Amino acid sequence: QVQLVESGGGLVQAGGSLGLSCVASGRSFSLRAMGWFRQAPGKEREFVAAIAWSGGRTSYADSAKGRFTVSRDNAKNTVYLQMNTLAPEDTAVYYCAAARTFQPPTEVTANYEYWGQGTQVTVSS
């Protein structure tokens, strides 16, 4: 069992930055790829970024490339999402998710076994 708790969301002006954190409980964190997803009002949940269990491989949605950076610290059971140059269209609830053990980082929602409750990110224009 893995429990995930996100933090770091808030209100920021367009062009600003925010850093999200997701702390995981459970001993299998270091064996799982971790992903970040987001869901805006009235829209489907969409992939943002993912990182391999070792941290050696990352994957990003086109909308996140060049602006967002995913990282992890397995000693702290924590995955991070640094978001720069934010725009109003980045407004959403952001979720972290833990993939099944030893699965690669992926944008496929069904590959993720555990989800956090989400943290709200609002970008004002």
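**A strand-built chain and its disulfide**

The side chains of Ser28 and Arg32 are joined by a polar contact of 2.9 Å, where a polar contact is a pair of N or O atoms within 3.5 Å, of which, within protein, one must be able to donate a hydrogen and the other to accept it, residues adjacent in sequence counting only if both atoms are side-chain atoms. The structure is a predicted model, in which local features need pLDDT of at least 70 and side-chain atom pairs count only at pLDDT 80 or more, whereas totals for chains, interfaces and linings use all residues. Residues are numbered from 1 along each chain as its sequence is written, and side-chain values use heavy atoms, with hydrogens and water left out.

Ser28 is placed in the loop between strand E3 (18–24) and strand E4 (32–39); helices (H or I, at least four residues) and strands (E, at least two) are DSSP runs, numbered from the N terminus. With a relative accessible area of 19%, Ser28 is buried, a term that stands for under 20% relative accessible area, while exposed stands for over 50% and partly exposed for values in between (1.4 Å probe, protein chains only). When residues up to four places away in sequence are not counted, Ser28 touches Val2 and Thr101, a contact being defined by heavy atoms within 4.5 Å.

The protein chain contains zero helices and eleven strands. Its 125 residues would give a compact globule a radius of gyration near 14 Å, and the value of 13 Å for the protein chain agrees with this; the radius is taken over C-alpha atoms, and the globule rule is 2.2 Å times the number of residues to the power 0.38. Along the principal axes, the C-alpha atoms fill a box of roughly 40 × 25 × 25 Å. Of the 125 residues, 43% count as buried, and of the contacts with a separation of 6 or more, 58% are between residues 24 or more positions apart. The protein chain exposes about 6,300 Å², of which carbon and sulfur atoms supply 47%, as given by the Shrake-Rupley method with a 1.4 Å probe, only the protein chains shown counting as cover for residues.

One disulfide is found in a search of the whole structure, the term denoting a pair of cysteine sulfur atoms within 2.5 Å. The disulfide is formed by Cys22 and Cys96, whose sulfur atoms are 1.9 Å apart. Because Cys22 lies in strand E3 and Cys96 in strand E9 (residues 92–101), the pair ties together parts that are 74 residues apart in sequence. The torsion about the S-S bond of Cys22 and Cys96 is about 45 degrees, and the disulfide is therefore right-handed. Cys22 is buried at 0% relative accessibility, and Cys96 is likewise buried, with a relative accessible area of 0%.

Strand E1 (residues 4–7) runs antiparallel to E3, to which four bridges join it, two strands being paired if DSSP finds at least two bridges between them. Within this pairing, Glu6 stands opposite Cys22 in E3.

Most residues other than glycine have a negative phi.
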